[in-house]
Every structure is written in C-alpha cells, then in structure tokens.
Amino acid sequence: MVGDDPVGTAVTVRLALACAFVGLLIGSFLNVVIHRVPAGESVVRPPSACPGCRHEIRRRDNVPVLSWLVLRGRCRDCRARISVRYPLVEAGTGLLFGIVGWWVGPAWELPAYLYLAAIGVALTMIDLDVRRLPDAIVLPAYPVALLLLTGAAALSGEWGQLLRALIGCAAVFLLYGILFVVKPGGMGFGDVKLSGVLGLYLGWWSWSALAVGTFAAFLLGGVVGLALVVAGRAGRKARIPFGPWMIAGGFLGILVADPIVHGYFQLVGLGDVV
C-alpha cells in the first residue's frame, strides 16, 4: 500500500502508470476471452477477425482504444460497426490495473492482484452476458493465485499472510456452500467456486478486508437487485448475476475495508485496539 515517503510515492506512481499500460494490452486480450471462452472456443486460434466480413484484423488496427478511435468504431474493410464495448473493456482494464498498481505498490504480491484484476474483468463481463462463471477461468485461478501468493510469502517472509489467505479461502467457500445448500436457487454453483478465490485474496490482505469484502458482495447484489425490481427491469424471482458484485465487493474490501474498520473502532472509542 502507498505510504507518505515522496520518493516511494514517485516510484508507486510510475509503477501504477506501467501497470495501466499493461492493463490496456491485457484488456485487448480479455475481449477475446470474453467472447470465446463461453462458447468453448480457443482464445489463441484463429486470429481475431471482423464478424461481418471475416477479414483478419491487422496489427495496426489492434492497438487498444486508439485503433477504435482512429477507425471511428468501424471495420477498415467492410465499415461494419465495432461495438464501443471493446475499447471500454480495454480502458477499464487499464484503469483497474493502474489502481491496483497504485494501491498494492511495489510489493511481491502485486502480480497476484493484477491477475485477480484480469480475471475479474473477464468474469464480470461473461456473467453479465451469459449468466455463467466458466470453470475454464475460475478453477485455474486457485492454483495460479496460490502459486503467486506463496511466491510472495517466500520472498517477503510473510507466511502469516499466506495462512490467513488459506483460512479466508476456506471460510468464504464454506459460507457460500452453506448458503447454496440452505437456499437452492439463491445463487449458482459458479458463485460458490469463485468465492474461495476471492476469500484467498481478501484473507491475504487483512481480516478487515475479508469481512468487509464478503459482506459488500451481498450488500451490492441486494441493492442492485432491489433497484432493478423497483425500476421494473426484473421480477422478484428473477436471477441476477451475482459474480460481478462478488468481484466488486472483493475489490471494495481491499481498497476501503481497513479505513472503514479503523474509523469504526475510533468512533466507538477502541482506536488503540487497531
């Protein structure tokens, strides 16, 4: 996390900008993932092509955000419209990577949290599109996240954080598993499988993040669901994708949980405890 040292802050700013640039590139690839993974297609072959004329996209037309602006949102060959969603995913991924780079800073766990940001964008868009969290993304996230966080613990000596991450993984997975059994239809099993991944990351960050991030998912999901019902966009029994709010809640836990918990303890006169 960023500190008050001016030199350290300058380093963190440069790191955040570098992460944002990498995020733009990753965002371009995530557009392919979002489109192909739910269909069971390879994300490597064939190369990206215009869905209208099937012409392969040229390299100069595959520059994140910029190419869409230069082409004015149309295919160079057939002039078919290119959805604004593509540059938005690229820009959004770049912004999220920049925020993660700034917040985590030059720490060994940074690659792990950038990986979380990448799969978070992909899973959010896929769940909104097809109401599903593909195993092809969720299940590999367990060994990848565990490998990256174990490496961070080995390099930093923070084995206690890794233990807390494993406890968080098990606790959140158990919570979601119980809810899945107690209230069938309340959430999909894909949500249960994703919960352990988020618990791993939240647990590594802090106990506060684990608690707030887990609670925030249900709060956000409930507020959005209620708003959709009130607006007439969904019925009371409509199934609303929960994955995006789990992911958003997880990032809220990482970003704001510690200040919230510290402020609460200050308010009740227990500031010296935290």
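**Entry 1: a helix pair**

I started with H3 and helix H4 (residues 110-130), whose axes come within 10 Å and cross at roughly 150 degrees. Helices here are DSSP runs (H or I, at least four residues), numbered from the N terminus. Axes are lines fitted to C-alpha atoms, for helices over the stretch in contact, with angles from 0 to 180 degrees between N-to-C directions. The crossing angle makes H3 roughly antiparallel to H4, a label used for angles over 145 degrees. I also noted that H3 passes H4 in a right-handed crossing, where the near helix is turned clockwise from the far one by less than a right angle.

Before going on, I noted that this is a predicted model, where local features need pLDDT of at least 70, side-chain atom pairs count only at pLDDT 80 or more, and totals for chains, interfaces and linings use all residues. Residues are numbered from 1 along each chain as its sequence is written, and side-chain values use heavy atoms, with hydrogens and water left out.

Which residues of H3 and H4 meet? From H3 I listed Arg85, Val89, Thr93, Leu96, Phe97, Val100, Gly101 and Val104, and from H4 Leu110, Tyr113, Leu114, Ala117, Ala118, Val121, Met125 and Asp129. Contact means heavy atoms within 4.5 Å. By class, this contact has 12 nonpolar, two polar and two charged residues. Ala, Val, Leu, Ile, Met, Phe, Trp, Tyr, Cys and Pro count as nonpolar, Asp, Glu, Lys and Arg as charged, and the others, Gly among them, as polar.

**Entry 2: the largest pocket**

I found a volume of about 1,100 Å³ for the largest pocket. A pocket is an open set of points on a 1 Å grid over the protein atoms alone, with protein on both sides within 12 Å along at least five of seven lines; lining residues have an atom within 4 Å of a point. Of its 40 lining residues, Ser48, Ala49, Ile57, Asn62 and Tyr86 are the closest to the centre. H1 supplies the largest share of the lining, six residues. I sorted the lining into 19 nonpolar, nine polar and 12 charged residues.

**Entry 3: the cavity**

How many cavities of 30 Å³ or more are there? The count comes to one; a cavity is a set of points where a 1.4 Å probe fits but cannot get out. About 60 Å³ of space lies in the largest cavity, a volume being the space filled by probe spheres set on grid points joined across faces, edges and corners. H7 gives the most to its lining, with four residues.

Definitions and conventions
Helices (H or I, at least four residues) and strands (E, at least two) are DSSP runs, numbered from the N terminus. Angles under 35 degrees count as roughly parallel, over 145 as roughly antiparallel, 65 to 115 as roughly perpendicular and the rest as oblique.
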